[in-house]
Every structure is written in C-alpha cells, then in structure tokens.
Amino acid sequence: MKKITSVLFLFYCFSVGWAQTVPPCTLEITDAETFARDWTVIDVNSDVSANTWAYNDGNAMYTQDKSNAADDWLIAPAVTLEAGKAYKVSAYVKHSSTFGSDKQKIELKIGTAPTVEGLTTRLVYDESFQSRLFVEKSGTFSPAESGVFYVGLRCYSESYNGDLYFQKIVIEEAPVYPAQITDLSIVAGERGAMSATLSWTWPSSDHLGGALSNLLGAKIYRGTDLVATLDTATVGGKAGWIDSSIETA
C-alpha cells in the first residue's frame, strides 16, 4: 500500500512555475511550507512502517525504523531539460548513526512524472552509503526528448541503520564528447622500416549514445608525445595515418 503525501490541488497550481526551472539550478528545501507545497513524498511501505521523509530544519530527513526496512521516495519539483544535451544531476545527502557498521541504501532516479513508476532512469545508487557530512551522489542524464522531468531520491535501507538527511539537488549541463574510435589497427612497416600505419573508424555517436552531427578531428600521441594533429574527420567514416617519425625500435 502506498501513501503519497501531497495536496493535489496545490501541486497542480504551482507545478507550472516549477516546470520553467532550467539548469543550471539548485532545488533546495527553504522551509516547511516549501517542502509541503513543492516536494512529493511517497511512502511505499506505509502499511508496515509510518516512517518516511519529513522536513527537518532546512533539509529533509528519513528517520530510521528500528523494526522495518525503508522504501521511501523524496521527489523534487519539476525541471525542464532539452534533448541533445547532457546533464549532471547531483543529490547531497548524509548519514547519521551511533553505530559505525550502519549503512544506508539509496538511489537517485529521473523521469517524466513524480511517481515511482514515472522515475524510469537510475542515475546512481549506493547500497553501503556512509558519510557524516553532506556529500554529492551524482549521475549523468541525456533526455531523448525535451520536456519536464522529476528527480527522486529513494531510501531503501534495512531496519535500524540510522537516519538519512537530504540537503539539495543540483542540476547542471555536462560536457558531451565523441565516443571512442573503433576498428583500430596498427601495422608495422615492412622489412624493418621505422614506421607504423594506423587505421580506424570515426565514432558516429557521443559517449551517451546520441548521434554526432560533426567531428573536428583528433590528436595522435605516441606515449605522452603529440605526433600528429588531424584537422578533418567524417562521422562514422574510415581514416588512416602513417607514423614515419619513429627514430628507434
């Protein structure tokens, strides 16, 4: 049985304003009123545990249940993200316990609706989280389509493992760079010639799987020495280069 702490009418009225939030942005809990109005708490296991996320002096806190495991979501207000861009999404959390062996299980997810089912992409998880100071737990996300998204933090720790605190979520654009080349081949020069022929296939996607529209070239290093700069490249095309500057074997 799920218990969703949210006043639907108020959430609808204010969601339009929050949907205009665009990175770089920081989603914080400024006061109890803001927490109740703009943040969504979902207590998935409310039938066995009444413990869930609550406002706590400018932060949110999950208080440990000494008898039952946690399964509780804290979902931030909406943000607008653009397709073709990559975003670094970070949650700042800390753990509080009197026992050094206690650990928290947490995960950070993103999706198009402030529901358990709507948070479809896992950004990061940690099933042995321990930090007495707020630390960053982050992942990278690149939406296939532009639109409104929600970020949710889930606590699913075992019973009697201390308290978990949440401070803020920070979203900022992340660099997008080409994926690695493929089909790399290096052929030594014939009859002891001090040369090497390199061939490869240029990438057709970025490191997140998105399609590349162009490539500017590449730099080739032998060890730590820059030996060539290529100023042209064809997305997904074949390429080659001969290193004839080798001095000794």
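A pocket is an open set of grid points with protein on both sides within 12 Å along at least five of seven lines. In this predicted model, the largest pocket holds about 150 Å³ of space. Its lining consists of Gly84, Ser142, Val176, Tyr177, Pro178, Asp206, Leu208, Gly210, Ala211 and Leu212. Six of these lining residues are nonpolar, three are polar and one is charged.

Rolling a probe the size of a water molecule over the atoms shows where empty space is left. Three cavities of 30 Å³ or more were counted, and the largest cavity contains about 60 Å³ of space. Around the largest cavity lie Ala91, Val93, Ile106, Glu107, Leu108, Val124, Tyr125, Asp126, Lys137 and Leu153. Strand 8, strand 9 and strand 10 each contribute at least two residues to this lining. By class, the lining of the largest cavity comprises seven nonpolar residues, three charged residues and no polar residues.

The largest nonpolar core has 33 residues, among which Trp53, Phe166, Ile169 and Ile171 touch the most other members. At least two residues of this core come from each of strand 2 (25–28), strand 5 (59–62), strand 7 (79–81), strand 8 (86–96), strand 9 (104–111), strand 10 (121–129), strand 12 (147–155) and strand 13 (163–174).

The surroundings of isoleucine 171 were then listed, with residues up to four places away in sequence not counted. On this basis, isoleucine 171 touches Pro23, Pro24 and Cys25, together with Val79, Leu81, Tyr87, Lys88, Val89 and Val151.

Alanine 76 counts as buried because its relative accessibility is 2%, and the cut-off for a buried residue is under 20%. With neighbours within four places in sequence left aside, alanine 76 is in contact with Leu27, Asp38, Trp39, Tyr150, Val151 and Ile169.

How values were computed: Residues numbered from 1 in each chain as written. Predicted model: local features only at pLDDT ≥ 70, side-chain atom pairs only at ≥ 80, totals over all residues. Heavy atoms only, no water. Core = buried A, V, L, I, M, F, W, Y, C linked by side-chain atoms within 4.5 Å. Buried < 20%, exposed > 50% of the residue type's maximum accessible area, 1.4 Å probe, protein only. Helix = DSSP H or I, 4+ residues; strand = E, 2+ residues; numbered from the N terminus. Contact = heavy atoms within 4.5 Å. 1 Å grid on protein atoms, 1.4 Å probe; cavity = no way out; pocket = protein on both sides within 12 Å on 5 of 7 lines; lining within 4 Å. Points joined across faces, edges and corners; volume = space filled by probe spheres on them. Nonpolar A, V, L, I, M, F, W, Y, C, P; charged D, E, K, R; others polar.
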